[in-house]
Structures are given as structure tokens and as C-alpha cells.
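Visitor: I would like to go through the terms used for this model and see what each one rests on. Where do we start?

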Amino acid sequence: MATFKAPKGTYDLIPPVSVKYLAVREAISAPLRNSGYGYIETPGFEDVGLFARGVGESTDIVSKEMYAFETKGGDQLALRPEGTASVLRAALEASLHKQGNLPVKLWYSGSYYRYERPQKGRYRHFSQVGAEAIGAEDPALDAELIILADQAYRSLGLRAFRILLNSLGDKECRPVYREALQGFLRGLDLDEETVRRAEINPLRVLDDKRPDVQKQLVGAPVLRDYLCDACKAYHEEVRALITAAGVAFEDDEKLVRGLDYYTRTTFEFVHDGLGSQSAVGGGGRYDGLSEMIGGPALPSVGWALGVDRTVLALEAEGIELDIPAPTAVFAVALGEEARRVLFGKVTELRKAGVAADFSFGGKGLKGAMKDANRSGARFAVVAGERDLAEGLVQLKDMESGEQSPVALTELVDAVRARLA
Ligand code: ATP
Ligand code: MG
């Protein structure tokens, strides 16, 4: 019995299910790689201050969910709870924004850590694929990102997702709204923590999931009524561009999202088959974040899609991804000489780009053929001493069961021809 288990709130990705995660990461990143986004990888931990300043002290992510620790050397670090602050930090550090080609478009894929109450779709270690477009204020960029995420989900066959869209205003109009909302919230009967939240970050009270709070929020001032003309025009342009691209969305004036850095465009992808953990991804514009972490003004927009919840969404819709069998040819060698020869042929097949595997462990014909079956290979190559004496191997089509002798010297070509 194994003594150790995966830590609470985590799980291992193991075959055959793990291949789905690879396919999801591939599907989400493909539209980005096809649209000028370059790959970026940053460390799994950062200075804790980056997240405190970048994500926001009052957010759940920073105040409750962050794995923060002191190193032996006395550095205050945190496991990354999200990707945007790190990517922007890295872009600033490398001066990518000074190379005269704004926006800087980047995509990433990796592990994130949040100390949450574990439940289905909510883990302490999870993975995201994300995209950031740094240094341009252009509604077409917001639209591009929403369209690419939609394309990614559609390419996976997902249909039961919805895009919720809102504008959070900018540094001109949001403070006016904030004050109006605060005035409204002060008149409500809220618990102490929520009252405190209303003073620090009143917009996030709108996001409170509790029904009694939601009931009191009926009649709260709506941000849409406070948007300045510039924000209104910007938002209308984003809406027009995604509509023209045939991407359906719903206006959701209550959508605020749990990070402090968002301005203007905010969106969330929700999936209706997931129950309470319905958000599969989200993002928006974060025009003030660069300055918050000590950089120049760099208006930017991005999103992150959760890989774990996307896999759950696939399951909820009963979607089986079309993933090719990992092995095309499985070699079954009977006897020492055959082992040596076929092992060489497997190496040759692999070099020729054919996915091949071998019956390891000195099994007999029956056990080795079982392995061949289990591998999902289209062909088995079987050889014993007698075949080899004639310079032959038996090529068995695992679908039809048909078997035919092939000259050893022609094996690689014969297999390639049949797989083509
Ligand atoms: P939620 O409201 O469900 O807590 P969030 O707003 O905190 O989500 P984001 O920070 O926007 O989530 O992260 C983007 C995506 O990452 C989410 O939509 C989700 O798919 C995924 N995600 C976030 N936290 C977790 C988690 N603890 N476990 C699994 N996936 C997560
Ligand atoms: Mg959360």
C-alpha cells in the first residue's frame, strides 16, 4: 500500500485520462499560436508583493487563497494563484514593451495554486491556458481575444457555454459609480465582513453569491448608467465586432470578477453543465495593472481558461475527443534473436515517424498479443525464429485480424504505406 497520497485538493493526471488534458491545452492554445501570440513561461512562484499589488489585497485570491511563505533566505514568496501579474512582470522586466511592436501578445499554459475549499471543479492545484495582449487600447484586441476563446471551445466541440460581457468603466467614470454604489450599500443590512468589503471594494459585493444578499441588491445602481462616453463607445465597438464575428454573448451588468485590476471590458465563459463551479474561464481589460506594479501605462487585455473545468465541461456534454491511438505498431518478438531484430525495427519505425512500441518483459505470444491489443495499435508485427530464418515478419492488421508475411527489409515502407 502506498504511504503517501496526493495532497488535499489536488489530483494526478494519469493515462488514459491525462491525454484529454493535453488535447484541451492544445485546442485552447492553437487559435492563439495562429494569431500572433508568442509562448511565455514564468516561474511557479513570485514575490508575494506582485500579487498583493497586482491582484489586490482585498480580493479573495490574495486575502484567503494564496500560498505565501518565507524562504530560508528570508524572501517573501507566493505560489502563483493566477497568470496575468506574472506575465506582465516578465514582459516589463524584459522590456518587451520597448521594442516598438505593441501590443505584445503572449500566451501561457501552466499550474496555479489557490488554498480553496476543495470540491468538484475547485482544486488547490489546477491548470490554465491564458493569453495577454499588452500595451494597446483597441476594442478590436478585446474582440480578438473573446473570438479566439470562443473558437477554442468550439473546436473542442463544446456548445453549452455562454459568454457573459460587461464593462467596468475606467478611472474617470468608475469612481463616480463606486461612490453611488457605496451610498446604496450603506443603507443595507449586511454582515460585518460584507460591510468592510463594501468600503474597500464595493463592486465585489455585487458578486456575492448568497441569496439574501442578492435580494437586497435589487435596485442597486447599475454601472452601465454611469459609464462615460468614451467607455460607452469603446464597449459598443467591442460588442459590434464580436457580433459581426458571429459570436453570441449576453450582457451581464452584474459581472465584476474577483480581481481588482480589471477596467472596461470584462467577460466570463460559463458552462451550464457544471453546477455551481460554472465559470470555465474569464478575463478582461486591465489598463491600470502595469502602473500598479511599477511599470509605465500599458493598457492591456487578457483571459485565462481553466483546463480542469474545461475537461469537466467536455464530460458534461458527453464529448469524446478524437484522439488518435498513441501507438500505431506494436512489435511482438518470440525468442532472443527475434527480440534483437525487432527491437532494431521498432527504433527504425520510430525514426521514420511511426509511433511504435515493443513487447517488453520477455512475454510469450499470448501475453504479448494482449499488450498489442491494449496499446490500441493498428498493426502488430510478429516474428519468431522461423520467420526470421526466411527474412520475414508477420504483419497483423488488428482491426480485420488479417495477417500477411512481409520481408524484414521492407517492413518500414510497408507499414508506412498501410498507415497512410
Ligand atoms: P470562481 O469564481 O469559480 O472562483 P475565479 O473567478 O476565481 O473562479 P479566475 O481567477 O477568473 O477564476 O480563473 C479563470 C479560470 O480558472 C476559472 O474560470 C476556472 O476555470 C479556473 N479556476 C480558478 N480557480 C480554480 C480552482 N480553484 N480550481 C479549478 N479551476 C479553477
Ligand atoms: Mg475563485
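Guide: With angles between axes: those from 65 to 115 degrees count as roughly perpendicular. The model discussed here is predicted.

Visitor: Why are H1 and H11 called roughly perpendicular to each other?

Guide: Helix H1 (residues 18-33) and helix H11 (residues 307-316) pack at an angle of about 105°. The range for roughly perpendicular is 65 to 115 degrees, and H1 and H11 are therefore roughly perpendicular to each other. Their axes are 10 Å apart.

Visitor: What makes this a contact of H1 with H11, and which residues meet?

Guide: Contact requires heavy atoms within 4.5 Å. From H1, the residues that meet H11 are Lys20, Tyr21, Val24, Arg25 and Ile28. On the H11 side they are Val307, Asp308, Thr310, Val311, Leu314 and Glu315. By class, the residues of this contact are six nonpolar, one polar and four charged.

Visitor: What makes the largest cavity a cavity, and what volume does it have?

Guide: A cavity is a set of points where a 1.4 Å probe fits but cannot get out. Counting those of 30 Å³ or more gives three cavities. The largest cavity holds about 80 Å³ of space, and 13 residues line it, with Glu41, Thr42, Arg80, Tyr108 and Tyr112 the closest to its centre.

Visitor: Which elements supply at least two residues of that lining?

Guide: Helix H4 (84-93) and strand S5 (104-113) each do. S5 has the largest share, four residues. The lining of the largest cavity is made up of five nonpolar, five polar and three charged residues.

Visitor: Why is a pocket not called a cavity?

Guide: Because a pocket is an open set of points, whereas from a cavity the probe cannot get out. The second largest pocket has a volume of about 600 Å³. Its lining has 27 residues, and the closest to the centre are Asp170, Lys171, Arg174, Tyr262 and Thr263.

Visitor: Which element gives the most to the lining of the second largest pocket?

Guide: H6, with three residues. At least two residues each come from helix H6 (174-186), strand S9 (263-271) and helix H10 (289-292). The lining of this pocket divides into 12 nonpolar, three polar and 12 charged residues.

Visitor: How is the protein chain divided into domains, and how far apart do their C-alpha centres lie?

Guide: Domain 1 takes in 17-173 + 227-316, and domain 2 takes in 329-419. The C-alpha centres of domain 1 and domain 2 are 48 Å apart.

Note on methods. Residues are numbered from 1 along each chain as its sequence is written. Chains are lettered from A and ligands numbered from 1 in the order in which they are written. This is a predicted model: local features need pLDDT of at least 70, side-chain atom pairs count only at pLDDT 80 or more; totals for chains, interfaces and linings use all residues. Side-chain values use heavy atoms; hydrogens and water are left out. Axes are lines fitted to C-alpha atoms, for helices over the stretch in contact, and angles run from 0 to 180 degrees between N-to-C directions. Angles under 35 degrees count as roughly parallel, over 145 as roughly antiparallel, 65 to 115 as roughly perpendicular and the rest as oblique. Ala, Val, Leu, Ile, Met, Phe, Trp, Tyr, Cys and Pro count as nonpolar, Asp, Glu, Lys and Arg as charged, and the others, Gly among them, as polar. On a 1 Å grid over the protein atoms alone, a cavity is a set of points where a 1.4 Å probe fits but cannot get out, and a pocket is an open set with protein on both sides within 12 Å along at least five of seven lines; lining residues have an atom within 4 Å of a point. Grid points are joined across faces, edges and corners, and a volume is the space filled by probe spheres set on the points. Domain bounds come from an automatic or database domain assignment.
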